[in-house]
Amino acid sequence: MPLRGVVVMLACAPFLAQVFTSASDCGWRRYQCTSGQCIAAQYLCDGEKECADGSDESEAACGRTPTTQLPVGNVVTVKVRRGNEHEDVNFHICSSAACSSLSLAGHSPKKSLRYIAYVKNNAQGDHGQKHHETFQKDPNGWTSFPEGELVFEVQHRPNELAVWLAGHPDKAAVVPVQEPSDKLLVKHNYWSVSMPVEFIGNKAACSDTEFRCLDGDCIDSVRRCDGQKHCGDNSDEDVKLCDGAPSTVLPKGNVVTVGVYRKQFHGDVEFHLCTSSDCSVLRVAGNDAASNLAYTAIVKANARGGNGTNYAQTFEKDAVSWRWFPEGEVEFEAQHRPSELAVWLRGHPDKAAAVPVEEKKYMLLRVLPRHRRTDMPVTFEGNAPACGDSQFRCGDGECVAAALRCDGRRDCVDGSDEDDILAMCQWVAAPASTNCTFRHYQCTSGQCIDSDLRCDGRKQCDDGSDESDSACGRPTTTQLLVGNVVTVKVQKKKVQGNVRINLCSSTACSGLSIGGSSANKSLAYVAYVRSNERGDFGRKHHQMFENDFKGWTSFPEGELVFEVQHRPNELAVWLAGHPDKAAVVPVQEPSDKLLVTPYLRSYVMPVEFIGNKAECSDTEFRCLDGDCIDSVRRCDGHKHCGDNSDEDVKLCDGAIVGCGRGGPGPATLVQNGNKTSIESVPWHAGIFVEANGRLQNVCGGSLVSPCIVVTECASEEEPGHDRNMLSGFKLSNQKPLFNQPA
């Protein structure tokens, strides 16, 4: 029997020869050259010869690469049967000399792809330059592709290659393409075992209102998942895609808050309340000024919500009185009433749309777009029994007395009864008389409008007085250059709601609507981008409520002091003295106008800007007037800031050097060789000496009682010892109590 895997040592040369083995010994993810040499399988057909005999780049080895022509504008369905040994799936769009590539590794739960994009690859799609990569921001948010069949759709857009999982064109991975390129190659990382690839339906792309079947045919997107097969390959009724619609069980009597993030091409929002065999449907298109819904009610639809009978339709009698839902977030509430499904805009239960339903105790509520070309993000919250007629339903489903809503105090555990951040209180109905409520603005004509609509860049008063110079006056603004920090003092009333801080260019703003703070001074806020020049009608970017509503409280009446920094491409705001608790929002540069207003503008909110200067260094404390001092001088019992803000009682908490009281600080603290915060080790004490008018840290120690600190500092009062390993100091006079020699 011949020996296998033997290392051959040449006696005449001081080097180790290459190892040659039979095919059975090349192993997993290895390729065997014609000569028997083994190389890593990812080097096969990469445009560079790794086999000594060049067989890894031969026509026999590489001519089997799955390839198809993909002209600009076309889309092709690509089915692959992937094994774990193949690893990533690679898509290359190539000219005769170069390729652009996407290397796909997995996807997130929402079907966004995890990938790396490469440009300037060689004609085999290798040895290129990384253009960008995405890991869905959080590496824990995705999984590797499973073994088995994967179905992708690939589009050659002008100067771009786009790839997505079938049925999810809004979750495409993209890479720039150097035209002309029209050859699509589909490969896998490791070629030791071939990966079957099939190309289907290489045709022109469908329109935004059409769904693309896997065979390339286009059908009206409203026919997708309607319970009948319209695609020749039946892909419009694929179980995995159709059963993936967002849903929740809605027991009889329960109400659930439904948030949708709608795009214009989604069209109407549909609510299906279903048994196993049929559904009742509310197809909601928009609303009028009074928040009545424009809708169609459908009964006796099939289990997919299709092919039903129109039961009722309302567009408020004419098409002029209502408008389509805008793009972005829309919040509804849906209730399973006895023999009825009712849906209304959140906060308007008296404006419900309704449709009869079959009498069942438990039914499934599905929410999806009318045009199902792409998914529509949907959230369900607070699925709980309905509240009484004299009660208000909180966001988490809790019920409180209706009279407590918008009274300036938080009665819901989640704070939603006073939730200016979510704009709940703006829906308080305006009275017909000329005596407007405190949450409304009275136009010159006597008309009442929601006060947050005053000075928002759009005329809501019939006479336009809400946007007049007398109503809006001079806005509270200051110029804030990149790198600068300014202190902002406001005198806030409860009736004004949130404090809104915007950074604007001549045409648009990014802003923070700040409602309160947590016990550790983190801010509760909503961040907006792409607002108009008055800071209104923007798109929500993100929001922060300290993870739960219980962790923060609304701002009290009176003075609030913020510090605001214009960072490169970012606006940051924090409560004075807490720069590590900043709220942030992206900024489109150039922007330099800082605008501060209340959320509800019935009353003027006094605003003062102080100390608009460059930021201080990491080892300095910023006085409210903008001056910088050594951070060890803050709260040391001496005033070093011109405005005395370094000894502010609220910040220092009465810090005077004495028994059980803090000394100089806060300053940078090091624990186990790493920088840490003062709050993380409150038993740690710093020992300072004053020299030449400056405080210098000489060492640290640990508090063993409210008045005693134990330290390793050397004591000058104990001559004859090079070092004292243990010393005790009384904080009230900082005199040694005892010394233990080294």
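**Note on the predicted model: strands, core and selected residues**

1. The side chain of Arg82 makes a polar contact with the backbone oxygen of Phe145 at 2.9 Å. A polar contact is a pair of N or O atoms within 3.5 Å; within protein, one must be able to donate a hydrogen and the other to accept it, and residues adjacent in sequence count only if both atoms are side-chain atoms. This is a predicted model, in which local features need pLDDT of at least 70 and side-chain atom pairs count only at pLDDT 80 or more, whereas totals for chains, interfaces and linings use all residues. Residues are numbered from 1 along each chain as its sequence is written, and side-chain values use heavy atoms, with hydrogens and water left out.

2. Arg82 belongs to strand 4. Helices (H or I, at least four residues) and strands (E, at least two) are DSSP runs, numbered from the N terminus. Arg82 counts as buried because its relative accessible area is 7%; buried means under 20% relative accessible area, exposed over 50%, and partly exposed in between (1.4 Å probe, protein chains only). Leaving aside neighbours within four places in sequence, Arg82 is in contact (heavy atoms within 4.5 Å) with Glu87, Val89, Phe145, Pro146, Glu147, Gly148, Leu150 and Met195. Arg82 and Pro196 are 114 residues apart in sequence, yet their C-alpha atoms are 7.6 Å apart in space.

3. Strand 4 (residues 74–82) pairs with strand 14 in the antiparallel sense over six bridges. Two strands pair if DSSP finds at least two bridges between them. Val78 stands opposite Phe199 in strand 14.

4. His156 is located in strand 10 (residues 148–157). His156 is buried because its relative accessibility is 0%. The side chain of His156 reaches the backbone oxygen of Leu70 at 2.7 Å. Beyond neighbours within four places in sequence, His156 is in contact with residues including Leu70, Pro71, Val72, Gly73 and Asn74. Glu179 is also among the contacts of His156.

5. Glu179 is joined to Pro180 by a cis peptide bond, with omega about 0 degrees. Pro180 lies in the loop between strand 12 and strand 13 (183–188). Another cis peptide bond runs from Glu589 to Pro590, with omega near 0 degrees; Pro590 lies in the loop between strand 42 (583–586) and strand 43 (593–598).

6. Asn234 has a phi near 65 degrees, a positive value in a residue other than glycine. Asn234 is found in the loop between strand 16 (218–220) and helix 2 (239–242), and is partly exposed because its relative accessible area is 33%. Asn644 likewise has a positive phi, near 65 degrees. Its place is in the loop between strand 46 (628–630) and helix 4 (649–652); Asn644 counts as partly exposed because its relative accessibility is 34%.

7. The largest nonpolar core has 28 residues, of which Phe271, Leu282, Phe332 and Leu365 touch the most other members. A nonpolar core is a set of buried Ala, Val, Leu, Ile, Met, Phe, Trp, Tyr and Cys residues joined through side-chain atoms within 4.5 Å. Among the elements that give two or more residues to this core are strand 18 (254–262), strand 20 (278–288), strand 21 (293–302) and strand 24 (328–337). Strand 21 contributes the largest share, four residues.

8. The chain as a whole has four helices and 53 strands. Of its 742 residues, 46% count as buried. Among contacts between residues at least 6 apart in sequence, 53% join residues at least 24 apart.

9. The mean pLDDT of the chain is 76, and 74% of its residues reach 70 or more; pLDDT is the predictor's confidence in each residue, from 0 to 100. Over residues 420–424 pLDDT stays under 50, and the model has 24 contacts for this stretch beyond four places in sequence. Residues 426–434 also have pLDDT below 50, with 21 contacts in the model beyond near neighbours in sequence. Where pLDDT is low, the predicted coordinates should not be read in detail.
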